[in-house]
Amino acid sequence: MASGKAVSRFIDNLVGSTTIEYESDLRNNVKRDTGYAQVQEQAAGLVRAGMPVSTVRGVLSDTVEWYAYDAVLTPGVDASACTATDISLVVIDELKLADGSAVSAERLGAFIRKHLAREQSRPLRAEFLASDLGMDSVAYQSSAAPLSSLVDEGRTAEPSASLATELWSRFVDHLEGPTGTFRTAAYVDEAYVTILARLLSANVLTGKAVLSTDNELRAILNGDFFRHNFQLENVVEQDYFGWLLGPAYMDRLVAVARDLQRDLYAYDFSWYPEEDLFGRLMAQLARRSQRKLLGQEWTPHWLARLLADRCLDGLPEGESPRIVDMCCGSGTMLAEIIKATKARFGFSTIDKLEDVATGFDIDPLAVSLAKTTWVVSLSVEIKAATKPIVIPVYHADSLFAVTPVSASVPLVGESDTIPVSLDGVTIQLPTALVQPAYRDFFDRIVDWAYDEAREAQRRGTVAAFSKADADSFLNGAIAAFGVSLSPELHKQLSAALYPLAHRMAELAVAGRNGIWAFILRNTYRPGLLTGHFNGLVSNPPWLTMSGLADNPYRDLLKGRAKLYGIQPAGQSFLHLELGTMHLLHAIDRYLGPDASVACLVPGTVLNGNHHERLRQHEFLNSERPVPFDIAEVWQVAPGTFKYPGAALIGNKRTDTTGLPRPAFAGLVATDAGLDTADFSIRNIGTARSAWVLQKGGSPAAAGGGGRLPQQGADLMPRTAVCVDIIQASGAEYRVDTPTRASTWGFTIKSAKEMAAERFPGHVAPRFIFRMAQSENLLPFVLGVHRAPLALPALRAADGTWSILDESEIRRQGFTQTARRFAAINQKLKAVGKGKSLQERVDERGKLSKQVFGADGYLILAGAGGKIICAACVPLAQAQDIVVDQTIYWNVVTDEREAWFQVGMLNSVALTNATLAFNPKGDFGERHLHTLPYRMMPAYDSGNDDHKKIAGLAKDLAALAASHCTTDAYLSDPAKALPARRRKLRALLEASPLLPQLEATAALVLGATPTATIDPDVIEEG
């Protein structure tokens, strides 16, 4: 059996998560069953030891018959305490050797390499990439240090590195806020993922995992592999990371890539998934870098496909698709557009498919990943190509609100010139050049200027380059390629080309070259494609103006909102979302007449005050009218995104005549398809409206808002962390593991892991906390019987945590405390539990995240069961609380908002509303987890119903606390939890307060008021 010991690389850990069991003769059913049970037990042991269940594989053999199994953990079971009965084995491969021939030996060798060496066997899926090679992986951790050293060295020694990283810092990393210092860690994160994307592209095109020579790795990293083998011209460009490909750094970059390529050797590249491979990685990076524009939650492929199909439905008659995603992220929409086009039009060659889907994104990493997604989607067609291919994915701000070389790019008719700043020197380019008619000519100009700069760098001087040379190129290119220029444009270009090339040459001689051609070629690409597209499919950023710092980018966006007539009045402007502005600008700038539109937007489009002008179609009569004919309004199924989503479907018309149409079609988008709904417009007073989708008089899809809660920490094993305080005196209290008969016996009554173990000893009081667990949680109230627990962690005055090992505890003078935690860890190691107590209690940072602050309220809600149960505690009374994994927690600063959430969470109306969205296979049959928060509307301090719910919930909490004081059964956590909750609910229902709360909650949710819990829903957790 595999030991489960962690080693240095992911693929080594993967091998370590394989277990094999031999029996003498699997034809004997008794022996087969015995062997199967042994594989189950061994798999459970690996999962308990901390191996992700998705990596665990079991093999059963008698040397003639071989069976390979994947392990599946029963939903809702704690991985750290699972048993063999919680593990199901799914056969994924089998081999029966007929004889001792060479063919049989070859088949056996392939089976062993695949399932024991784990080579080329792991499915290529987004969740596996994110966990195996993502930002929390062993692979990343071992790559980050050498990459950081390269970056620090390059920024000091190489002018081109300093330039590229400065531009990245200013126009990528700090775009959303005021300019800050260069962040090496954030830059390294993006460089790492860029390398990973290139290696993955090479494997996809080769059709298998590759182990390259150093020379081939160099070719993959610098792009020659793709250019020479597959005619792909721009998989790799001289972008913000291009300087790393220089001779001074390439060998060390190859060393990092070699290890990553070895990790990728675990994956099966013979098939491709139906999903976005990189969306989860983008979300990880966005969280780490705290950059909202980098990536919101990824769009699921089913939703992207629904949008792509709808866009194809609306294309102008007889036209082939030319569809743009102006905020393409990691390329989900591009992939689904390509797949939908293949299915709809039957296109099968790269000539037909290469221009079907074009993407822009403001983040260079997103562009790199989207190119890989494009390659994955068209790998078969790419391998059959007969001419060079340019991937139509570009690093550019499609809003043209900000660029690395100009403050903004004017809309058509706004200005005759574009100021282009190259490292402090400004050149005026004619705006007319950045138009579709001159797309190829523009690229030739950039290539010429770049080549002149490289030649000057080779000579070491710009002296030999003259204006006559620039004019000669201009006239030669016009003649050679049949370019037609007006006399005025020719004059403007003659004046602009020499200073452009001369400045690029100066920078090249100074070592600050390389990136300018990339920036120029990509930055102006959107302008070169004005009016080119006949379709749009996108999910632009859901970011409000209040999420952007007070910088020039925000000021330009404010002007665009006003231009299109959707700028909210007064302070509501701060809530204007970029998504709707991106959509209107893209329709205006990039689409031709009758082009089809299918775009995701925030769910607040349906009823938010800040979207009132959009709902009133004021963009039709704005300073720059946009003839967007909205035909359909979709609601996206709750839980798809962190916040509610919607989609607008329609066409760009030639003008605004006859718009808007009198009514729209309403639909709800789910992973099962589109469901029709009744659409209506409700006027609220004289100044506000709402778009409403209903089915049978009830909301077609519930809405939600607000930050999702966190799950509590894995406070396991219970016998190790829970304590009876025998003597509360001295610097270190005397403690012991609770017995079933003691006051805190309820904490260990269900213990599975190390259930019989006891850990007497001493613990300093600073390491003792009080546990909030499901046994404490009743409707509206958290019981006061909160068990003490001892953790190897300290909570600072500001609430932050430090996880300490025994030596750190001992250095604080607490030798007996250190000995007790050491004894626990020795026992964990002896019984093969893998991770230390320190690692277990802070698994996935679930303890470190419990930083509550000093002001506000801690909201607690059950993590299991069908019936929602919640309470809140003032933070002043929660300073010693640690929340267990059986509870979700959130902190709210406003008292009314806290009580509103408690009231909604305890309401039957919200419980019943979640049932329709809680099917098997989505959120599990019995557990709600975060679903109620996704459906619960965000608190609105101006909404009288919301305030009423808050007041009723606070009164009900006082009543519930009174019942718990007078009824010992209710307050006893040793008694059956479901029975205690049912009894308290029955007592509260006798008060007029609870029916009032239910009626108001139903009104807020748009549902029918219900007085009691659905009789089929009796389980609580």
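Trainee: Which residues does Trp374 touch, not counting residues up to four places away in sequence?

Mentor: This is a predicted model. In it, Trp374 touches Leu232, Ile338, Ile350, Glu354, Ala357, Ile382, Ile389, Ile391 and Pro392, with residues up to four places away in sequence left out.

Trainee: What makes these contacts?

Mentor: Contact means heavy atoms within 4.5 Å.

Trainee: Which residues touch the most other members of the largest nonpolar core?

Mentor: Leu232, Leu307, Trp374, Ile382 and Phe441 do, in a core of 150 residues. Helix α7, residues 184-206, gives the most to this core, with 14 residues.

Trainee: Why is Val636 called buried?

Mentor: Val636 has 4% relative accessibility. Buried means under 20%. Therefore Val636 counts as buried.

Trainee: Where does Val636 lie, and what does Val636 touch?

Mentor: Val636 lies in strand β14, residues 628-636. Not counting residues up to four places away in sequence, Val636 touches Leu303, Leu600, Phe641, Gly645, Ala646 and Ala669. Take Leu303: Val636 and Leu303 are 333 residues apart in sequence, yet 8.5 Å apart in space, C-alpha to C-alpha.

Trainee: Why is Val90 called partly exposed?

Mentor: The relative accessible area of Val90 is 40%. Buried is under 20% and exposed is over 50%, with partly exposed in between. So Val90 is partly exposed. Val90 lies in strand β4, residues 87-96.

Trainee: Which residues make the nonpolar surface patch of about 210 Å²?

Mentor: Val72, Val90 and Ile92 make that patch. A patch residue needs over 30% relative accessible area. Val90 has 40%.

Notes: Residues are numbered from 1 along each chain as its sequence is written. This is a predicted model: local features need pLDDT of at least 70, side-chain atom pairs count only at pLDDT 80 or more; totals for chains, interfaces and linings use all residues. Side-chain values use heavy atoms; hydrogens and water are left out. A nonpolar core is a set of buried Ala, Val, Leu, Ile, Met, Phe, Trp, Tyr and Cys residues joined through side-chain atoms within 4.5 Å. Buried means under 20% relative accessible area, exposed over 50%, partly exposed in between (1.4 Å probe, protein chains only). Helices (H or I, at least four residues) and strands (E, at least two) are DSSP runs, numbered from the N terminus. Patches are made of residues with over 30% relative accessible area and no salt bridge: like charges are joined within 9 Å, nonpolar side chains (Val, Leu, Ile, Met, Phe, Trp, Tyr) within 5 Å. Accessible areas come from the Shrake-Rupley method with a 1.4 Å probe; for residues, only the protein chains shown count as cover. A salt bridge is a side-chain nitrogen of Lys or Arg within 4 Å of a carboxyl oxygen of Asp or Glu.
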